[in-house]
Amino acid sequence: MAGTPIAIIMGSQSDWSTMRHAAETLEALGLAYDARIVSAHRTPDRLYAFAKTAKADGFQVIIAGAGGAAHLPGMTAAMTPLPVFGVPVESKALSGQDSLLSIVQMPAGIPVGTLAIGRAGAVNAALLAAAVLALHDPALAERLDTWRKRQSDSVAERPSDES
Ligand code: RP5
């Protein structure tokens, strides 16, 4: 869906169980997104085509999730001036530490805003993307404030034995 403000890209179908948390968070904020599978090593031509035209296609922020040798966010950032938020997907071999380190350790000059491993990172990438867009969208800023207030209101003042 071209023209939507946020692209969610991921290296594999297997990443969707993590990245869907970003999608659900954007939906809760009333933000449109386009979710795509774009693998840096299995579909490099798709990556090139996506990243090179992402800005012209109307995207404003890219959320990129990948696991293992997670070069997708970095390669994407290298080919677009748009802000890229990287989500390290939990890998089987190294529990996502490989993903985290390969996304976060970008050499100076091409940034990838790197989030936590797994669901927390996916949710927070969506919230950061929303915060960026909210700088120029007062209605979205209000929805984001409401989302945060609802989160605060859901926290009990005292612990309960009920779980
Ligand atoms: C990466 O390899 C993907 O981002 C995924 O996290 C990981 C494993 O992919 P599959 O073997 O499940 O397709 O490219």
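The buried residues of helix α3 are L72, P73, G74, M75, T76 and A77, where buried means that 20 or more other C-beta atoms, placed from the backbone, lie within 10 Å of the residue's own. Six of the eight residues of α3 (residues 72–79) are buried, so this helix is largely enclosed by the rest of the structure. The model is predicted: local features need pLDDT of at least 70, side-chain atom pairs count only at pLDDT 80 or more, and totals for chains, interfaces and linings use all residues. Residues are numbered from 1 along each chain as its sequence is written.

- Helices (H or I, at least four residues) and strands (E, at least two) are DSSP runs, numbered from the N terminus.

**Packing of α5 and α6**
- The axes of α5 (residues 119–134) and α6 (residues 138–153) come within 8 Å and cross at roughly 140 degrees; axes are lines fitted to C-alpha atoms over the stretch in contact, with angles from 0 to 180 degrees between N-to-C directions.
- In α5, A130, A131, L133 and A134 meet L140, A141 and L144 of α6, contact being C-beta atoms, placed from the backbone, within 7 Å.

**Residue S95**
- S95 lies in the loop between β4 (84–89) and α4 (97–104).
- Its phi is near 55 degrees, a positive value in a residue other than glycine.
- S95 counts as exposed because it has 12 C-beta neighbours inside 10 Å, exposed being 12 or fewer.

Conventions
Contact = placed C-beta atoms within 7 Å.
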